[in-house]
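Here is a short briefing on how the chains of this model meet. Start with the view below, then read on by topic.

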Amino acid sequence: MSERKEAQAPELDLPWKEVSPGGVVDKPGSSVAYITGTWRSMRPLRDHDQCTQCLICWIMCPDAAIPIEDGKVKGFDYAHCKGCGICVEQCPVNIKEPHCETGEMGKVIQMVPESGDEDNADDE
Amino acid sequence: MTSNRSRTFVLGEKKEMVESTYLALDGANAVSHAMRQINPDVVAAYPITPQTAVVQNFSQFVADGTVDTEFVPVESEHAAMSACIGASAAGARVMTATSANGLALMWEMLYIASGMRLPIVLTVVNRALSSPLNIHCDHSDSMGARDAGWLQLYAETGQEAYDNTIQALRIAEDSDLLLPVMSCQDGFITGHGVERVGILPDQTVQDFVGQYVANYSLLDVENPVTMGAWDFTDYYFEHKRQQSQAMNESMPIVEAVSAEYEKLSGRPQPIIDTFAMDDAEVAVIVLSSAAGTTRSVVRDLRNKGVKAGVVKPRLFRPFPAQRIVDAIKNCKAVAVLDRAISFGSPDGMGPLFLDVTSALYNAGACDVPVIDFIFGLGGRDMTPPMVESVYDQLMQIRDTGDRGDIVRYVGLRG
Amino acid sequence: MSRMYEIRWHGRAGQGVVTAGELLGEAAMAGGSHFQSFPEYGAERMGAPIKSYTRISDEPIEIHSPVLEPDMVIVVNPNLIGAVDLTEGLKEGGVLLMNTPQSPDTIRKRLDYQKGALWCVDASAIATEELRRDIPSTMMIGLVIKAMEDDSRALIDLETAVDTVEESLEGKLRPEVVEANARAVRRVYEECVKG
């Protein structure tokens, strides 16, 4: 996770003589520097205590925005999560207690509207 | 990036002229021999008349094991160029061939090849575009692709088609250029016309083209890259400006490769071929095989005391504007012969005329009267009497000072 | 020779006329000349009348258009008389070569042809004897050489032409068939008549 965050951000204001010929991107992994979290209008929230760590959300996330460590889900990479909600759709676990964040019954992961006040740092 | 480019070529040691062996070859077969000697890594192609002979002969070389080329028999020209792009992005030396509607079907991919700066060489055997259906020569196919970001060479003879094909590869792969090149010749007229063609020794060609080392390869897992990526409003413009600059700066590369090849083969390789232009009052500018017919008429006219000349651009993209202006600026009347129409341009002018006249205007040489002749569409013969009629009309303009109709037709009924 | 020599061939599609023109050009090249050989492509089917052209010159050939005023016309198929204008554009003092069982007198009358020389040979008969098939195109090269020699325009010699024909057929045909083709070229050269 931390390694990815160090990827160099592309310079977005290069003059035409300095852009890469043919548009070749020769810095692998540099897409990490492209912040897509601002696209999100709905924010996924996880109840860590009731999560079974089945890792299905990690498999299904199309943006690799669910980091894991030691085989366990750490949370969300909100800098890149676009709020598509696939993790919510795919989460198989019906919780037994109300969700720690939303207070609602339902899945371990639940979507709430972005208020605009949240910070986009990783939820850890 | 310019800074981390590797030198692309290992140049051959031999700089002295090497004797050619002379074979009886049609222009298409001459090109397939050039391809055999180049021995590209990948050829992906689809057959279409009159290009068929190029690929048919070459596929025989593949079948016989004469070359190491991976030959990809694809399902269309769109697929052919797509496969060439993929192979070139993987770092391979890539060639293909097509004609007419096949070139039209490649359209989308032509721009992708040039935009990705992939040094693919496409040999075009020029043929009229449908409709009406016609298999014979004109330049509507490659002229339609003149803005696609490919360099374009036009050959007068099978010999030139052979020579241009070999040079095209070196030009395309130059590490300071990296743009695709079209090497064109006239369908049937030279494509299926058998002539004496000088072939360099295989090793000489191999030494000349050298080893191609791509700057990037999609198959290089140690140095992963992304090619053909999304380029938004923030970058597309800069990339296109840079691509245009590469084309603008390609002339010295074409000159250097031509000079080296000229020395090697002993055959002149001018950017524009001028004949009897020093004191010419009336001149014709024409591409490809019709230039030879025109030159033979000029020899006769000169014997009769007419100060006639002819200019044949071997290179059309990038357009050698200054050279053409210098060649014709002192003429009293000039005709451009176009084997294609740019439909909807003023009076239906041809593409060569549009570029010649814009070159004159931009050079401030606006007092040379230039007219355009559309000729030879769909393989209509361009005979010496037709060329003579062009010079007759030029002499009339010279004598009267009246430019008259700007766009004219030669060999057209009615 | 300072001037270019221009030849027009008449035949029917599928007879090997184009190949014969190319072989003639190759033979000229073997003798140090430049040449051009090209067919007039239409939408031919087998049997349709076709034309093909050969130019021979000491200098590189610049012109790239069909021959309009040939020095020589070669008619490979005798039944083209009446179907095609065989002597169209033929130069004054030019040469007409016919594959025909008929006499030169008869041919001259049938074509109303007076402006140049005429050579006739029954190449179809020779082909049928030597090759067991009426494929007379290639052997007409023997007649071309004879007529050129007679016209003091010997651009190609017989032995060079025979060698060229043999080389082109070797590897494609059995040795005895190659030999029969070479023999047929010589026989046409020997058996033709001027009139």
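Which helix of chain A gives the most to the nonpolar patch? Helix 2 (residues 56-60) does, with three residues. This is a predicted model: local features need pLDDT of at least 70, side-chain atom pairs count only at pLDDT 80 or more, and totals for chains, interfaces and linings use all residues. Residues are numbered from 1 along each chain as its sequence is written, chains are lettered from A and ligands numbered from 1 in the order in which they are written, and side-chain values use heavy atoms, with hydrogens and water left out.

**The patch on chain A**

- The patch on the surface is made of W58(A), I59(A), M60(A) and I86(A). Together they have about 370 Å² of accessible area (Shrake-Rupley method, 1.4 Å probe; for residues, only the protein chains shown count as cover).
- Patch residues have over 30% relative accessible area and no salt bridge; like charges are joined within 9 Å, nonpolar side chains (Val, Leu, Ile, Met, Phe, Trp, Tyr) within 5 Å.
- W58(A) lies in helix 2 of chain A. Helices (H or I, at least four residues) and strands (E, at least two) are DSSP runs, numbered from the N terminus.

**Which chains touch**

- Two pairs of chains touch, and chains B and C have the most contacts (heavy atoms within 4.5 Å).
- Chain A and chain C do not touch. Their nearest C-alpha atoms are 40 Å apart.

**Chain A with chain B**

- Chain A puts in 16 residues and chain B 19 residues.
- The two bury about 1700 Å² between them, 61% of it on carbon and sulfur atoms. Buried area is the accessible area (1.4 Å probe) that two parts lose on being put together, summed over both.
- The chain A side has nine nonpolar, three polar and four charged residues. Ala, Val, Leu, Ile, Met, Phe, Trp, Tyr, Cys and Pro count as nonpolar, Asp, Glu, Lys and Arg as charged, and the others, Gly among them, as polar.

**Chain B with chain C**

- This contact takes 25 residues from chain B and 18 residues from chain C.
- About 1700 Å² is buried, and carbon and sulfur atoms give 60% of that. In chain B, V194(B), E195(B) and R196(B) lose the most area to chain C, together 32% of what that side buries.
- The rule finds two salt bridges. E62(C) forms a salt bridge with R299(B), the closest N and O atoms being 2.7 Å apart.
- Helix 11 of chain B gives the most to the side that touches chain C, with six residues.

Methods. Salt bridge = Lys/Arg side-chain N within 4 Å of Asp/Glu carboxyl O.
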